[in-house]
Amino acid sequence: MTGMLTARPLPARSRAFDLLLAGSLCMVFGFLSLAQAHFGGLLSFGMLVPLIWRRTHPELVFFAVCSVATLQWLIGIELQLGNIGLLVALYAITVYGDVRLSRVALAIGGLGVLMATSRYWAGSDWKQQVTTMGGLAAVVFGVWAFGERRRTRGLYVAQLEERAAQLERDRDRESKLAVSNERTRIAREIHDVVAHGLSIMIVQADGGLYAADQSPEAAKKALATIGDTGRSSLTEMRKMLGLLKQDERELDPNQPRPQPGVSSLPELIENVRDAGLAVEYQVTGQPRELPALLGLTAYRIVQEGLTNTLKHAGPGARTSVLLDFGREMLTVVVTDDGRGAGVAPSVDPGHGLVGMRQRVSVSGGTVSAGPKTGGGYEVIARLPYNLPNGG
């Protein structure tokens, strides 16, 4: 109903077409009707001129044309060529107007057929009356049915376009979400690199300071380890910061990048041993090739466990790292016999344990971390080989 008061937006090309259509109908049918009957011709123009607004105000145009046709019938003027405006208005309200009013327009069209043939009922052959009435009714219903089909097709096309636009919006949103997740993952990688490197550097600095007077060679070795660790951590951090600075269109979450895995654990453990932490490394079961995400998760768990040991276990602590390749999952165990978190100095735990749990959850596994009975700390992660979503 609001369409009777509010104009529908219409492209300039469509407005020009409607103006051309209404003008052509006036030039042809209007002037022919004017030649047939002077006043009837004027009424024909009244049914053809409003067609200029047949798409912007289809309901108003239809009822205006019907009003002129009713006046024509009341005066007693027979059907003119200009009455074709009724069919055009009926088509317009069916295609562009309110659905309920299009049904009303069909009923009005049927009533118009009865009114147009009523004056011939007296003194005419009933067969001819039925034929005329049936022919007019068929034309009216045919125009309405054609308009209804056009409307249905237009709605279907509009739904397809809206669905395509929605899919496009969903794809853009998923792409942005993937980029955001990738940035979060890179930030977590930076945290792991920095935390591990700084822990080794702090331990080496403390040890070097302690041994500076008594063992200059040990102090030099500690300083060399600090330098190597700092340079290595800085290089890796610069690479990851470079990824964060990339434009979103260039940051592809699926782009392969070299990442550490279980094959990199011996080097990691050797670096920790150089920092002064006694680490026992053991592999059980039948080693296998792991997906990149699973291997990276195992590496980061061991790295975080050793970093926490360096921070909290205290001097003289011993650590063991176990990789158990089971039939269905990889089990990673990092334990130490130091003071553990329960008696370690109160410090901000940071994001290490949170990041560890996030990594394991993404891999579809479980992780537990806490003090051991009798002292020390233990981290146990169970990582299934079959990643979620076929990863």
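## Helix α4

Helix α4, covering residues 84–96, contains 13 residues and extends 18 Å between its first and last C-alpha atoms, close to the 18 Å expected at 1.5 Å a residue. The structure described here is a predicted model. Within α4, the buried residues are G85, V88, A89, L90, Y91, A92, I93, T94 and V95.

## Overall organisation and confidence

The chain holds 11 helices and five strands. Of its 391 residues, 38% are buried. The accessible surface of the chain amounts to about 22600 Å², and carbon and sulfur atoms account for 61% of that area. When contacts between residues at least 6 apart in sequence are considered, 73% of them join residues at least 24 apart.

The average pLDDT of the chain is 77, and 72% of the residues score at least 70. Where pLDDT is low, the predicted coordinates should not be read in detail.

## The nonpolar cores

The largest nonpolar core comprises 28 residues, of which I301, V302, L306, V321, L323, L330 and V332 touch the most other members. Two or more residues of this core come from each of the helices α8 (265–274), α9 (292–312) and α11 (352–362), and from each of the strands β2 (318–325), β3 (329–336) and β5 (377–384). The greatest contribution is that of α9, which supplies seven residues.

With residues up to four places away in sequence left out, I301 touches V332, V334, M356, V360, V379, A381 and L383. Apart from this core lies another, of 27 residues, which includes A22, L25, C26 and V95. In soluble globular proteins, nonpolar side chains tend to be buried together.

## Helix α9 and the residue that follows

Helix α9 is mostly covered, since 17 of its 21 residues are buried. After α9 comes G314, which has a positive phi, near 90 degrees.

## D336 in strand β3

D336 is located in strand β3. Its relative accessibility is 7%, so D336 counts as buried under the 20% cut-off. The side chain of D336 forms a polar contact with the side chain of T309, at 3.3 Å.

Neighbours within four places in sequence aside, the contacts of D336 are T309, A313, R318, T319, K372, G375, G376 and Y377. One of these residues, R318, is 18 residues from D336 along the chain, and the C-alpha atoms of the two are separated by 5.5 Å.

## D18 in helix α1

D18 belongs to helix α1, which runs over residues 12–36. With a relative accessible area of 0%, D18 is buried. The side chain of D18 makes a polar contact with the side chain of R54, at 3.1 Å.

How values were computed: Residues are numbered from 1 along each chain as its sequence is written. This is a predicted model: local features need pLDDT of at least 70, side-chain atom pairs count only at pLDDT 80 or more; totals for chains, interfaces and linings use all residues. Side-chain values use heavy atoms; hydrogens and water are left out. Helices (H or I, at least four residues) and strands (E, at least two) are DSSP runs, numbered from the N terminus. Buried means under 20% relative accessible area, exposed over 50%, partly exposed in between (1.4 Å probe, protein chains only). A polar contact is a pair of N or O atoms within 3.5 Å; within protein, one must be able to donate a hydrogen and the other to accept it, and residues adjacent in sequence count only if both atoms are side-chain atoms. pLDDT is the predictor's confidence in each residue, from 0 to 100. A nonpolar core is a set of buried Ala, Val, Leu, Ile, Met, Phe, Trp, Tyr and Cys residues joined through side-chain atoms within 4.5 Å. Contact means heavy atoms within 4.5 Å. Accessible areas come from the Shrake-Rupley method with a 1.4 Å probe; for residues, only the protein chains shown count as cover. The expected span of a helix is 1.5 Å times one less than its number of residues.
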